[in-house]
Amino acid sequence: MRIEEDLKLGFKDVLFRPKRSTLNSRSQVRLEREFTFRHAQCQWSGIPVIAANMDTVGTFAMARALAGFEMMTAVHKHYSVEEWQQFVASADESVLRHVMVSSGTSSTDYEKVKTILALSPLLRFICVDVANGYSEHFVDFVKKMRDTFPSHVICAGNVVTGEMVEELILSGADIIKVGIGPGSVCTTRVKTGVGYPQLSAIIECADAAHGLKGHIVGDGGCTCPGDVAKAFGGGADFVMLGGMLAAHCESGGHMVERDGRQFMQFYGMSSSSAMDKHAGGVAEYRASEGKTVELPFRGPVDATARDILGGVRSTCTYVGAATLKELTKRTTFIRVREQENNVYGKE
């Protein structure tokens, strides 16, 4: 047993230090980024915010909506091949270029992804997603996927330490998904005692990935546009959002009505709700590691997307970053004990 005593930080522990800026308006900030991926050797441009591959977030409807903002969607893995066929046949090219096809690590997942990707050459992104990215089986599966899809962009995770980021990149992943336990409907830290404060995980994993010309996506922990900006400021190339994009028309959750108000169900993908729906229940050898909540229905996602992007643009003007790529170079975080004045409650 050993103890690491270095300070580790979450989003609530810091604020940006403002700096002089030559920008006159938020409209001057360019959020689009261009990436060339280490293994796939292809280029992609767009706004690197991704809807999470949860079945109450990463839907086909969400993909269509967010593509209009040049944002990405990691479509959840529970759609059938037939549903994918219908989507691909009806979706515009701009939508398909902003979609990730999600997969687990079973042989069934592998064969299904092969079938889906064969539907269109525009489907270039694969998201290999497991809760624990530290197993040898996971690393071997990433190698298998790289061998099978040499020119596709592979996003793999989740991990929170630099050495595992490096191993996954060297095994064939282009983008590493970073985050264990920070999600709003994740209970992994409570059930297992395992986790890592998300901002420090992003900072350390980004450093490891960029040294190998890889990329990372900060996955989880963002509760407001300022957190999204902090993730980018900490070095994340992409930021993945779950709860912030839940409970919209496009989110796919079950709608309920109480006292004249509408609510939408949102749950973690390791929750009993998800496993009852997709796996016939929680297996005897494991525990549920997610919770189910009901969020006030928020209508179309367009307003939320604009709010998120507007917040990040504003961050850039405060620190003098003309582009999103410059943000991390212009970032100085200051440690704080308070984030906002809540005397009249939260917004």
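**Exercise 1. Work out how strand β8 connects to strand β9 in this predicted model.**

Step 1. Take the pair itself: β8 covers residues 153-159 and β9 covers residues 175-178. Four bridges join the two strands.

Step 2. Read the direction. β8 and β9 run parallel.

Step 3. Pick out one facing pair. G157 stands opposite K177 of β9.

Step 4. The order β4-β5-β6-β7-β8-β9-β10-β11 forms a closed barrel of eight strands, with parallel pairing. On average, neighbouring strands of this sheet are turned by 25° against each other, direction ignored.

**Exercise 2. Describe the surroundings of strand β11: which strands pair with β11, and which helix lies across it?**

Step 1. Start with β4 (49-51). β4 pairs with β11 over three bridges, in the parallel sense. A51 has L241 as its bridge partner in β11.

Step 2. Go to β10, residues 215-219. β10 also pairs with β11 in the parallel sense, over three bridges. Here D219 has M240 as its bridge partner in β11.

Step 3. Helix α9 (residues 225-233) lies across β4 and β11 (238-241). The helix runs at about 145° to β11.

**Exercise 3. Characterise the packing of helix α5 against helix α6.**

Step 1. Two packed helices are described by the angle between their axes and by the distance between the axes.

Step 2. α5 (residues 136-148) and α6 (residues 162-170) pack at an angle of about 35°. Their axes are 9 Å apart.

Step 3. List the contact residues. F138, V139 and V142 come from α5, and M164, E167 and L168 from α6.

Step 4. Sort them by class. The contact has five nonpolar residues, no polar residues and one charged residue. E167 is the charged one, because Glu counts as charged.

**Exercise 4. Locate the largest cavity and say which element gives the most to its lining.**

Step 1. Count. The structure holds one cavity of 30 Å³ or more. About 60 Å³ of space lies in the largest cavity.

Step 2. Name the lining: V75, H76, K77, W84, S102, S103, D109, K112, V113 and I116.

Step 3. Assign the lining to elements. β6 (99-103) and α4 (107-117) each give two or more residues. α4 gives the most, with four residues.

Step 4. Classify. The lining divides into four nonpolar, three polar and three charged residues.

Step 5. Relate the two elements. α4 lies across β6 and β7 (125-129) and runs at about 155° to β6.

Key
Residues numbered from 1 in each chain as written. Predicted model: local features only at pLDDT ≥ 70, side-chain atom pairs only at ≥ 80, totals over all residues. Heavy atoms only, no water. Axes fitted to C-alpha atoms, helices over the stretch in contact; angles between N-to-C directions. Contact = heavy atoms within 4.5 Å. 1 Å grid on protein atoms, 1.4 Å probe; cavity = no way out; pocket = protein on both sides within 12 Å on 5 of 7 lines; lining within 4 Å. Points joined across faces, edges and corners; volume = space filled by probe spheres on them. Pairing = 2+ DSSP bridges.
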